[in-house]
Amino acid sequence: MPLTESHDDNLHGEVSTGAARQTGEAGPEADAAADVDPANVNPTNVDPANVDPAADVDQPEATEPEVTGPEITGPEVAEPEATESEAEPPLPEPVRQRIVALTAAVLPVLPGEEVPVPLRRVAKFAPNRRARLGAPAIAAQLAVDPLFRQRITARVLADAGDLGSAVLAGTAPAVADPVEVAALAYLARPRGWRGLVAASGAAVRAEADKAVVEELVREAEQRVSRAEHDRTVARVEADKLRDELARVREELGQLREESRQLARALRESQTRERKAGELLATERGRATRATADADAELRRVRARLAEAEAAAGVAKASAKEARSVDDAKLWLLLETIGQAAVGLRRELALDPTDRLPADFVADAFADQPTVTPAGAATRARDTDDPARLDQLLALPKAHLVVDGYNVTKRGFGEMSLEQQRKRLITGLGGIAAQTGDEVTVVFDGAERMHGLPPAPRGVRVLFSRKGETADELIRRLVRAEPSGRPVVVVSSDREVADGVRRHGAYPLGADSLLRRLARS
């Protein structure tokens with residue numbers, strides 16, 4: 001049932017009036033209850049194990065007339081047999097907790113002046129903390145303050161309803177909770193309330209004993225169930241073990257048969273081993289004789305090898321002498337050719353020149369193509385090998401002609417044209433510095449670009465005129481070269497490659513130059 005309710009001023013007034021009236025009517029009994037010594041009535045100081053519940057029941061109750069409902073006017077009716085010297089009965093723990101809970105629920109409803117000073121702070125606690133933290137103070141106040149207990153009882157009995165009326169009449173309904181009955185009896189204290197508290201303790205202990213017995217029965221049933229389960233499991237395991245034993249016996253029979261077969265095979269293998277040992281001894285004798293024959297043959301071969309080495313030494317000396325004669329003839333021929341070239345240069349009065357054929361093409365851009373000598377086509381080579389570029393650049397006085405945009409757009413087309421030109425010219429400068437060859441790079445352009453960085457040493461940068469392409473300018477550069485000079489043209493344009501090949505140049509793909517630049 002609910003233990004708290006909102007504050008009702010009318011109910012409080014009625015309870016206060018009834019309490020005052022009962023106080024006036026009680027006379028000496030109320031005065032006696034008010035004079036109770038607090039040290040002798042604290043329920044928390046009594047040991048339940050040392051108190052006889054039968055001693056707390058007032059014996060004259062059996063001879064006094066039963067108090068009926070109409071004769072009891074309020075919760076202040078106290079047991080007339082109680083005296084100052086009597087100690088309060090021991091309370092079972094559930095009853096004590098219920099008394100504290102009922103009191104804690106009523107504390108906030110009481111007016112502030114009716115709440116004792118020790119409990120005013122407890123009344124401000126939260127509901128879930130009031131009964132837990134304020135239990136000692138509430139129990140002590142109930143024991144020493146009859147007026148406070150009467151005020152609490154008025155509220156509690158009003159909430160209890162019919163059960164409270166029955167407790168005031170000194171009876172306990174059979175279906176009522178004994179703990180609740182004992183708590184109400186302790187607060188209201190009608191005639192025979194000690195007997196109700198003692199009966200509640202007996203009922204609580206009976207319930208505890210019943211719970212213990214039920215728990216023991218349940219544990220016994222569980223042990224029986226586990227024993228049945230263990231017996232079933234043991235039977236299953238026994239069946240498995242019997243099956244396993246039968247299987248092991250069968251495997252043992254098989255192993256014995258295999259052991260007999262292995263013993264027979266062992267005897268046969270020992271016989272074969274003995275025969276093999278005899279055969280091995282025979283073969284060792286034969287091998288010894290063969291080794292002696294091989295050693296004799298090796299000595300004979302070594303003797304013949306020494307004779308062959310001597311003959312080879314004589315032949316090598318003869319060949320060296322013959323090569324010396326050939327080298328002398330070759331040197332004499334080259335010296336004759338060199339002197340003849342010097343004499344021819346002196347006879348023709350040819351002075352060293354500081355201009356190359358490509359310089360004249362760059363300056364003049366001849367309008368008419370030069371006639372290609374008939375023998376120029378013999379220089380053309382059809383190859384796309386990237387390693388060929390290094391071989392051709394190793395030739396003396398080689399001239400490297402590069403189709404600029406054809407190479408840059410194939411190798412690094414994601415850059416701007418200015419960055420493409422700068423990167424290619426810088427790489428060609430490195431090749432010119434490594435090989436010492438003449439390098440010319442040709443770009444398409446209606447007019448010369450402005451803002452170009454200075455060309456590296458050995459690199460010539462040309463731009464085609466308006467109305468003329470870089471391919472035509474490359475062919476003019478090739479035609480301007482003398483017959484016999486190695487000219488290498490780098491372009492992936494098939495038309496450019498075919499054109500320069502007809503004029504005796506070496507066409508190579510753009511990939512060969514790109515890999516050469518990446519390597520350097």
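Visitor: What does the side chain of D145 reach at the start of helix 7?

Guide: In this predicted model, a side-chain oxygen of D145 comes to within 3.4 Å of the backbone nitrogen of L147, at the start of helix 7. At the other end, helix 7 is followed by G161, which has a positive phi near 75°.

Visitor: How do I read the packing of helix 13 and helix 17?

Guide: The general idea is that two packed helices are described by the angle between their axes and the distance between the axes. Here helix 13 (residues 404-412) and helix 17 pack at an angle of about 65°, and their axes are 10 Å apart. That makes helix 13 roughly perpendicular to helix 17, since angles of 65 to 115 degrees count as such. Their crossing is right-handed.

Visitor: Which residues of helix 13 and helix 17 meet?

Guide: On the helix 13 side they are N406, V407, R410, G411 and F412, and these meet A510, D511, L513 and L514 of helix 17.

Visitor: R516 is in helix 17 too. Is R516 buried or exposed?

Guide: Relative accessible area is the number to look at, and buried means under 20%. R516 has 9%, so it is buried. The side chains of R516 and Q434 are joined by a polar contact of 2.9 Å. Leaving aside residues up to four places away in sequence, R516 touches L389, D390, I431, Q434 and T435.

Visitor: And R205: is R205 buried, exposed or partly exposed?

Guide: R205, found in helix 10 (residues 193-348), is partly exposed, because its relative accessible area is 45%, between the 20% and 50% cut-offs.

Visitor: How many residues separate R205 from P92 in sequence, and how far apart are they in space?

Guide: R205 and P92 are 113 residues apart in sequence, while their C-alpha atoms are 8.7 Å apart in space.

Terms used. Residues numbered from 1 in each chain as written. Predicted model: local features only at pLDDT ≥ 70, side-chain atom pairs only at ≥ 80, totals over all residues. Heavy atoms only, no water. Polar contact = N/O pair within 3.5 Å; in protein donor to acceptor, adjacent residues only side chain to side chain. Helix = DSSP H or I, 4+ residues; strand = E, 2+ residues; numbered from the N terminus. Buried < 20%, exposed > 50% of the residue type's maximum accessible area, 1.4 Å probe, protein only. Contact = heavy atoms within 4.5 Å. Axes fitted to C-alpha atoms, helices over the stretch in contact; angles between N-to-C directions. Parallel < 35°, antiparallel > 145°, perpendicular 65-115°, else oblique. Left-handed = near helix turned anticlockwise from the far one by under 90°.
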